[in-house]
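Student: Could you walk me through this one, starting with how its helices pack?
Tutor: Gladly; here it is.

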Amino acid sequence: MTMLEHLRRMARNNLWSNDRLYRAVLALQPGELEAGRTGFFPSIRETLNHILAVDLLYLDFLTDGGRGAAVYDDYVPFDDAVGLAEAQADFDRRLVAFCDALSETDLDRSVITDRREDGMIPEKIGDILAHVFLHDIHHRGQVHAMLSGTSVPPPQLDEFLLEYDLKLRKEEVERLGLDDQTKATSWAAKCRSAVTIVRSSI
């Protein structure tokens, strides 16, 4: 598996994970979304808004959008879970499309990131994407923990990559239009083929 293939799968994992998480969030009782909780941000709503605001910031960097830090500074937080869920899903699909349009050589291409008083810092596209996925996983974990104190149990968020878990994500992958099963199966087939070749040469 190449780095580009991995990043494309991670973009799909991002969409799938957020879809699962938001289905739980959308089932919260009135008042639970904005209720004060222990976390880096003091509520589920504020944490989810932070994820989306940072996602949009980095997509501007990746696409040379030209707005820079203003994307984050001018972000208007959503008050409701429905609006947040729709905006996050829209971003996630844009990120999948962005990754699908990349070539391997693009990953080492640098774009400018606006760091306000620290200046305009060049960063490689591959490094930015890896950071975005880590950032999202980091804060999704915080929302996951916060959900433990609500009326809705937190969902499992690590069932996307392995063939063993295919049965647990199949309906969602089909509903979201992701091709993760094909990629996982083809990669497994390549591995089995490689093992067969090695064994036959012994």
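**Helix packing**

Tutor: Helices α2 and α4 are roughly parallel to each other, a term for angles under 35 degrees. This is a predicted model, in which local features need pLDDT of at least 70 and side-chain atom pairs pLDDT 80 or more, while totals for chains, interfaces and linings use all residues. Residues are numbered from 1 along each chain as its sequence is written, and side-chain values use heavy atoms, without hydrogens and water.

Student: At what angle do α2 and α4 pack, and how far apart are their axes?
Tutor: α2 (residues 44-62) and α4 (residues 81-101) pack at about 30 degrees with axes 10 Å apart, the axes being lines fitted to C-alpha atoms over the stretch in contact.

Student: Which residues make the contact?
Tutor: Among them are Leu48, Leu52 and Leu59 of α2 and Leu84, Phe91 and Phe98 of α4, where contact means heavy atoms within 4.5 Å.

Student: Switching topic, how many aromatic pairs are there?
Tutor: The structure holds 3, counting rings with centres within 6.5 Å. The ring centres of Trp16 and Phe160 are 5.6 Å apart and the planes stand at 40 degrees, so this pair is tilted, meaning neither under 30 degrees (stacked) nor over 60 (edge-to-face).

Student: Where do Trp16 and Phe160 sit in the chain?
Tutor: Trp16 is in helix α1 and Phe160 in the loop between α5 and α6, 144 residues apart.

Student: And the strands, do β1 and β2 pair parallel or antiparallel?
Tutor: β1 (residues 110-114) and β2 (residues 120-124) pair in the antiparallel sense over 5 bridges, pairing requiring at least two bridges found by DSSP.

Note on methods
Helix = DSSP H or I, 4+ residues; strand = E, 2+ residues; numbered from the N terminus. Axes fitted to C-alpha atoms, helices over the stretch in contact; angles between N-to-C directions. Parallel < 35°, antiparallel > 145°, perpendicular 65-115°, else oblique. Phe/Tyr/Trp six-rings, centres within 6.5 Å; stacked < 30°, edge-to-face > 60°.
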